[in-house]
Amino acid sequence: MKIYADNKEISTNQGSNEEIWEQIFSKKEWGKYPSESVIRFIARNFYNAKDRNKISILELGLGTGANLWFCAREGFKVSGIEWSKTGVERFKTRMQNENLSTQIAQLEIGDYLEKLDNFKDESFDAWLDSYSLAYNDIEKTKQIIEKAVKKLKVGGKFFSITPSLYNDGFKEDKNLGYHQVKPTSGSDACTGVIRYCDEGDLRRLYEGKNYKITSIKIHIQKDLEKQLNELYIIEGERYE
């Protein structure tokens with residue numbers, strides 16, 4: 001397994017998104033540490049909790065578990081869904097090696113829309129999505145979000161990172177669906193079919209009858225020649 005590898009080196013970009021990500025996770029070290037935006041979200045909302053062990057965090061698409069590792073290390077209970085068996089096994093091994101396994105409440109392998117049914121309604125203080133929902137079409141993403149919101153306690157928070165239309169690699173393919181593409185360039189190359197968003201899409205996806213967006217930030221990465229990435233960082237809450 002390579003410590004670092006470009007996805008183009010190890011992914012054939014063939015098959016389902018599930019198959020492609022299984023290939024990626026099994027062939028390179030991936031995602032050991034969370035992004036600053038995840039750390040800030042958790043710290044801002046939950047660092048002042050009287051008993052962190054009573055705060056429950058759910059992640060949609062945990063990958064190899066960087067975000068949940070951080071949350072567990074900070075004393076929170078963690079649960080997650082991931083479609084890659086390899087990703088989950090690598091997370092569980094890391095947690096065992098670092099004596100953090102007791103912080104894991106529940107892990108599910110499979111499709112988010114199906115596996116969310118295995119979690120109790122109104123049982124989580126927050127759910128996280130770090131780029132994973134973007135690998136679903138817009139209609140399915142909305143269904144997943146609606147179901148995930150039901151798992152939040154009233155007042156619970158949600159966090160999502162998703163790419164904008166200005167991400168390098170976006171060239172919409174009408175054969176794939178609305179704002180979807182299978183990138184061959186940019187940081188998303190060789191990772192399967194991904195859906196990009198504009199601001200209208202964000203409102204459609206992350207707002208509903210009992211949940212709302214509380215913050216949208218834009219993270220832009222450029223070099224001297226062109227823009228490389230533009231990501232939306234969305235925060236919201238369930239209000240009833």
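Me: Which value of relative accessibility lets Tyr131 count as buried?
Reply: This is a predicted model, in which local features need pLDDT of at least 70 and side-chain atom pairs pLDDT 80 or more, while totals for chains, interfaces and linings use all residues. Residues are numbered from 1 along each chain as its sequence is written, and side-chain values use heavy atoms, with hydrogens and water left out. Buried means under 20% relative accessible area, exposed over 50%, and partly exposed in between, with a 1.4 Å probe and protein chains only. Tyr131 counts as buried because its relative accessibility is 16%.

Me: What is the phi of Tyr131?
Reply: Tyr131 lies in the loop between β4 and α7 (138–150); helices (H or I, at least four residues) and strands (E, at least two) are DSSP runs numbered from the N terminus. Most residues other than glycine have a negative phi. Tyr131 is not a glycine, yet its phi is positive, at about 85 degrees.

Me: Is Asn99 buried or exposed?
Reply: Asn99 is found in the loop between α5 and β3 (104–109). Its phi is positive, near 55 degrees, although Asn99 is a residue other than glycine. Its relative accessible area is 69%, so Asn99 is exposed.

Me: How far apart are the C-alpha atoms of Tyr232 and Ile218?
Reply: Tyr232 has its place in strand β9 and counts as buried, at 8% relative accessibility. Ile218 is 14 residues from Tyr232 along the chain, and the separation of their C-alpha atoms is 4.8 Å.

Me: How many residues apart in sequence are the parts that Trp127 and Phe158 tie together?
Reply: Rings of Phe, Tyr and Trp (its six-membered ring) pair if their centres lie within 6.5 Å; planes under 30 degrees apart are stacked, over 60 edge-to-face and the rest tilted. Trp127 and Phe158 are stacked, with 15 degrees between the planes and 5.1 Å centre to centre, and both residues are buried. Trp127 belongs to strand β4 (residues 124–130) and Phe158 to strand β5 (residues 152–163), so the distance in sequence is 31 residues.

Me: Which strand holds Tyr211?
Reply: Phe158 and Tyr211 form an edge-to-face pair, 6.3 Å centre to centre with 75 degrees between the planes. Both Phe158 and Tyr211 are buried. The pair links distant parts of the chain, 53 residues apart: Phe158 is in strand β5, and Tyr211 is in strand β8.

Me: How many aromatic pairs does a search of the whole structure find?
Reply: Phe41, Phe46, Phe76 and Phe159 form one aromatic cluster. For the whole structure, the number of aromatic pairs found is 11.

Me: The charged end of Arg94 sits over the ring of which residue?
Reply: A charge sits over a ring if NZ of Lys or CZ of Arg is within 6 Å of the ring centre and within 35 degrees of the ring normal. Arg94 lies over the face of Tyr33, 5.6 Å from the ring centre. At 3.9 Å from the ring centre, the charged end of Arg94 also sits over Trp69.
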